[in-house]
Amino acid sequence: MKPAQLPIYRAVERLLIWAIPMVERLPKSLPYQVLGGRIIANINDCLDAIIFATQSTDYTRIGQLNILIARMTTVKTAMRTLKATKKITANQEVQFLDLINPIAMQAGAWRNKVTKDAQNSD
């Protein structure tokens with residue numbers, strides 16, 4: 001299966017599509033522009049991690065899935081910062097959580113499966 005056909009890849013694409021206009025509306029001051037840029041960069045890194053994970057052996061795949069989970073955690077932290085500084089609305093936060101929570105669940109389940117399969121093959 002091609003990476004772009006995976007539900008997790010499509011979910012990350014939806015998150016990216018949602019995040020771009022949200023980031024465009026952030027204040028133009030440097031800290032918010034940098035934070036917004038990092039959000040987009042981390043989401044793009046998630047897409048890369050999914051692609052690499054689909055093309056990897058089990059042991060390498062675990063590393064790529066750990067990168068995916070770490071990047072998602074970074075994006076969540078950035079969004080909490082934007083919410084705490086009142087740069088996004090409660091509605092935007094709900095939309096974000098609706099998009100990112102399924103990704104986190106799928107990534108965790110995928111990593112657990114790959115880890116279990118790797119342990120069973122030893």
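1. α2 and α3 pack with their axes 9 Å apart, at an angle of about 160 degrees. That angle makes α2 roughly antiparallel to α3, since angles over 145 degrees count as such. The crossing in which α2 passes α3 is left-handed. The residues of this contact divide into 17 nonpolar, 5 polar and 4 charged. The model is a predicted one, and the points below should be read with that in mind.

2. On the overall layout, the protein has 4 helices and 0 strands, and along the sequence the pattern reads α-α-α-α. The C-alpha atoms fill a box of roughly 50 × 25 × 20 Å, taken along the principal axes. Of the 122 residues, 38% count as buried. Among contacts between residues at least 6 apart in sequence, 74% join residues at least 24 apart.

3. Helix α1 covers residues 7-24, which is 18 residues. From its first C-alpha to its last, α1 reaches 26 Å, close to the 26 Å expected at 1.5 Å a residue. Its buried residues are Ile8, Tyr9, Ala11, Val12, Leu15, Leu16, Trp18, Ala19, Met22 and Val23. These buried residues pack against α2 (30-54), α3 (58-84) and α4 (90-121). As background to such a list, residues three or four places apart in an α-helix point the same way, because there are 3.6 residues a turn.

4. The axes of α1 and α3 come within 14 Å and cross at roughly 30 degrees. That makes α1 roughly parallel to α3, because angles under 35 degrees are counted as roughly parallel. The crossing is left-handed. On the α1 side the contact is made by Ile8, Leu15, Trp18 and Met22, and these meet Leu68, Met72, Met79 and Leu82 of α3. By class, the residues of this contact are 8 nonpolar, no polar and no charged.

5. Pro21 is found in helix α1. Pro21 counts as partly exposed because its relative accessibility is 30%, and the class of partly exposed lies between under 20% for buried and over 50% for exposed. Pro21 and Gly63 are 42 residues apart along the chain, and their C-alpha atoms are separated by 31 Å.

6. Helix α3 has 27 residues and reaches 39 Å from its first C-alpha to its last, close to the 39 Å expected at 1.5 Å a residue. The buried residues in α3 are Arg61, Ile62, Gln64, Leu65, Leu68, Met72, Val75, Ala78, Met79 and Leu82. They pack against α1, α2 and α4. Leu68, Met72, Met79 and Leu82 from this list are also the α3 residues that meet α1.

7. Is Gln64 buried or exposed? Gln64, whose place is in helix α3, is buried because its relative accessible area is 16%, and the cut-off for buried is under 20%. Leaving aside residues up to four places away in sequence, Gln64 touches Ala49, Phe52, Ala53 and Ser56.

8. α3 is followed by Lys86, with a positive phi near 60 degrees. Lys86 has this positive phi although it is not a glycine. The residue lies in the loop between α3 and α4. Lys86 is exposed because its relative accessible area is 72%, where exposed requires over 50%.

9. Does the span of α4 agree with or depart from what its 32 residues should give at 1.5 Å a residue? The end C-alpha atoms of α4 are 46 Å apart, which agrees with the 46 Å that the helix should span. In α4, the buried residues are Gln92, Phe96, Leu99, Ile100, Ile103, Ala107, Gly108, Trp110, Val114 and Ala118. What covers them includes α1, α2 and α3.

Conventions: Residues are numbered from 1 along each chain as its sequence is written. This is a predicted model: local features need pLDDT of at least 70, side-chain atom pairs count only at pLDDT 80 or more; totals for chains, interfaces and linings use all residues. Side-chain values use heavy atoms; hydrogens and water are left out. Helices (H or I, at least four residues) and strands (E, at least two) are DSSP runs, numbered from the N terminus. The expected span of a helix is 1.5 Å times one less than its number of residues. Buried means under 20% relative accessible area, exposed over 50%, partly exposed in between (1.4 Å probe, protein chains only). Contact means heavy atoms within 4.5 Å. Axes are lines fitted to C-alpha atoms, for helices over the stretch in contact, and angles run from 0 to 180 degrees between N-to-C directions. Angles under 35 degrees count as roughly parallel, over 145 as roughly antiparallel, 65 to 115 as roughly perpendicular and the rest as oblique. A crossing is left-handed if the near helix is turned anticlockwise from the far one by less than a right angle, and right-handed if clockwise. Ala, Val, Leu, Ile, Met, Phe, Trp, Tyr, Cys and Pro count as nonpolar, Asp, Glu, Lys and Arg as charged, and the others, Gly among them, as polar.
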